[in-house]
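The sequence and structure are shown first.

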Amino acid sequence: TNGEQCEAKNSPTEAGCDTYYPGRWLALYVYMGLVGVLFVSSLLRTIAFFFACLRSSVRLHHRMFRAVIRTSIKFFDDNPIGRVLNRFSKDCGTLDELLPLIANDVTGIFLNVIGVVVLIGTVNPWILLPAVLA
């Protein structure tokens, strides 16, 4: 076979042996496995993040509603019900629109910072010494 011919020669670049790599298929399978794991973990992270945002939105809505219901009658005498309803819906809408974006950005930035610190610590641990001592 081509692999045996390439091993018998002194230089693997002779006679079309430049593409021969014994662990090529193993490396390809490992790479495909890593890509698959990354895809599945990203999908699971997105689903978990969606449900966390949904749960927090529902909780905040219930707390806001409970606070409005338990307030005094004087509050409703001073503020028309339309103003209270508009403010309530505006706050819920803002929360539903901005919380997922901001939480996703914060999580991404935090994980990037952790990754940079781990990479720097792996390459040259002496760089982290001033941060530990401070």
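Predicted model: local features only at pLDDT ≥ 70, side-chain atom pairs only at ≥ 80, totals over all residues.

## Salt bridges and their exposure

Asp91 is partly exposed, because its relative accessibility is 31%, a value that lies between the cut-offs of 20% for buried and 50% for exposed. The side chain of Asp91 meets that of Arg87 in a salt bridge, with 3.3 Å from N to O. Arg87 has a relative accessibility of 53% and therefore counts as exposed. Both residues belong to helix H4, which covers residues 81-123, and they sit 4 residues apart, or about one turn of the helix.

How many salt bridges does the structure hold? The count is 2. Besides the pair in helix H4, Lys74 forms a salt bridge with Asp78, where the closest N and O atoms are 3.1 Å apart. Helix H3 spans residues 73-78, and because Lys74 and Asp78 are 4 residues apart in this helix, about one helical turn separates them. Lys74 is exposed at 52% relative accessibility, while Asp78 is partly exposed at 46%. In general, side chains of opposite charge can pair when their charged atoms come close.

| Salt bridge | N to O distance |
|---|---|
| Lys74 and Asp78 | 3.1 Å |
| Arg87 and Asp91 | 3.3 Å |

## Aromatic pairs

A pair of aromatic rings is described by the distance of the centres and the angle of the planes. With centres required to lie within 6.5 Å, the count comes to 3 aromatic pairs. One of them joins Trp25 and Tyr29: the ring centres are 6.4 Å apart and the planes stand at 35°, so the pair is tilted. Trp25 and Tyr29 both lie in helix H2, residues 24-69, and are 4 residues apart, about one turn of the helix. Trp25 has a relative accessible area of 49% and is partly exposed, whereas Tyr29 has 51% and is exposed.

Another pair is formed by Phe50 and Phe51. Their ring centres are 5.4 Å apart and their planes are at 65°, so this pair is edge-to-face. Phe50 counts as exposed at 51% relative accessibility, and Phe51 is partly exposed with a relative accessible area of 47%.

## A nonpolar patch and a buried serine

Which residues make the nonpolar surface patch of about 880 Å²? The patch consists of Phe39, Val40, Leu43, Leu44, Ile47, Phe50, Phe51, Leu54 and Val58. Val40, one of these residues, is found in helix H2 and is partly exposed, with a relative accessible area of 44%.

Is Ser57 buried or exposed? Ser57 has 16% relative accessibility and so counts as buried, the cut-off being under 20%. Ser57 has its place in helix H2. Apart from neighbours within four places in sequence, Ser57 is in contact with Leu95 and Asp96.

## Annotated spans

The UniProt record, an unreviewed entry, carries the annotation "transmembrane region" for residues 28-54 and 109-129. In the model, residues 28-54 are 100% helix and 0% strand, and the end C-alpha atoms of this span lie 39 Å apart. Residues 109-129 are 76% helix and 0% strand, with 23 Å between the end C-alpha atoms.

Definitions and conventions. Residues numbered from 1 in each chain as written. Heavy atoms only, no water. Phe/Tyr/Trp six-rings, centres within 6.5 Å; stacked < 30°, edge-to-face > 60°. Helix = DSSP H or I, 4+ residues; strand = E, 2+ residues; numbered from the N terminus. Buried < 20%, exposed > 50% of the residue type's maximum accessible area, 1.4 Å probe, protein only. Patch = residues over 30% accessible without salt bridge, like charges linked within 9 Å, V, L, I, M, F, W, Y side chains within 5 Å. Areas by Shrake-Rupley, 256 points an atom, 1.4 Å probe, with all protein chains shown as cover. Salt bridge = Lys/Arg side-chain N within 4 Å of Asp/Glu carboxyl O. UniProt positions renumbered as here; feature names shortened; annotations may be inferred. Contact = heavy atoms within 4.5 Å.
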